[in-house]
Amino acid sequence: MPTSIAQQALYIDYPAKDSVIDSSHYAIRLSAPEGVVFVEISIDRGPWQTCRSTCGFWWHDWTGFEPGEHTVSARAVGPDGEPCNSLLRRFTVAAQNRR
């Protein structure tokens, strides 16, 4: 029996768990099951933002962020309309990244 998109994992590859970001921009990378139609992320439980698919991964270019603790979560939808969600990922933005 085939595995549906909802039964497969959607992973936030980067930022890694509890990592510290120390630049003024960051590319969030996600791995999604084959056949996913679109992926979105939510930072700090804010609005959902579209990701782009390139080189076998999904990406979101993040800029204009504030120092401190942050979270990111992701959701995806397969061609059959089935949803797939990631686990919440926690990370920190260092204060010196502001320029």
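Student: What is the mean pLDDT of the chain?
Tutor: Confidence in this predicted model is given residue by residue. Of the residues in the chain, 89% reach 70 or more. The mean pLDDT of the chain is 87.

Student: How many residues does the largest nonpolar core have?
Tutor: Among the residues with the most contacts inside this core are Ile21, Leu30 and Trp62. Strands β3 (25-31), β4 (38-43), β7 (57-63), β8 (68-77) and β10 (89-93) each supply at least two of its residues. The number of residues in the largest nonpolar core is 20.

Student: Which residues does Ile28 touch, not counting residues up to four places away in sequence?
Tutor: Ile28 is itself one of the residues with the most contacts inside the largest nonpolar core. With residues up to four places away in sequence left out, Ile28 touches Tyr14, Pro15, Ile41, Ile43, Trp58, Trp59, His60, Trp62 and Val72.

Student: How far apart in sequence are the parts that Arg29 and Asp13 tie together?
Tutor: Arg29 and Asp13 form a salt bridge, with their closest N and O atoms 3.2 Å apart. Arg29 lies in strand β3 and Asp13 in strand β1 (residues 11-14), so the pair joins parts of the chain separated in sequence by 16 residues.

Student: Is Asp13 buried or exposed?
Tutor: Asp13 is the salt-bridge partner of Arg29. Arg29 is buried. The description of Asp13 is likewise buried.

Student: Which strands does the salt bridge between Arg75 and Glu40 link?
Tutor: In this salt bridge the closest N and O atoms are 2.7 Å apart. The two residues are 35 residues apart and belong to distant parts of the chain. Arg75 is in strand β8 and Glu40 is in strand β4.

Student: Why does Glu40 count as buried?
Tutor: A residue is buried when its relative accessible area is under 20%. Arg75, at 30%, is partly exposed. Glu40 counts as buried because its relative accessibility is 14%.

Student: What is the relative accessible area of Asp61?
Tutor: The side chains of Asp61 and Arg52 meet in a salt bridge at 3.0 Å, N to O. Arg52 counts as partly exposed at 37% relative accessibility. Asp61 is also partly exposed, and its relative accessible area is 45%.

Definitions and conventions
Residues are numbered from 1 along each chain as its sequence is written. This is a predicted model: local features need pLDDT of at least 70, side-chain atom pairs count only at pLDDT 80 or more; totals for chains, interfaces and linings use all residues. Side-chain values use heavy atoms; hydrogens and water are left out. A nonpolar core is a set of buried Ala, Val, Leu, Ile, Met, Phe, Trp, Tyr and Cys residues joined through side-chain atoms within 4.5 Å. Buried means under 20% relative accessible area, exposed over 50%, partly exposed in between (1.4 Å probe, protein chains only). Helices (H or I, at least four residues) and strands (E, at least two) are DSSP runs, numbered from the N terminus. Contact means heavy atoms within 4.5 Å. pLDDT is the predictor's confidence in each residue, from 0 to 100. A salt bridge is a side-chain nitrogen of Lys or Arg within 4 Å of a carboxyl oxygen of Asp or Glu.
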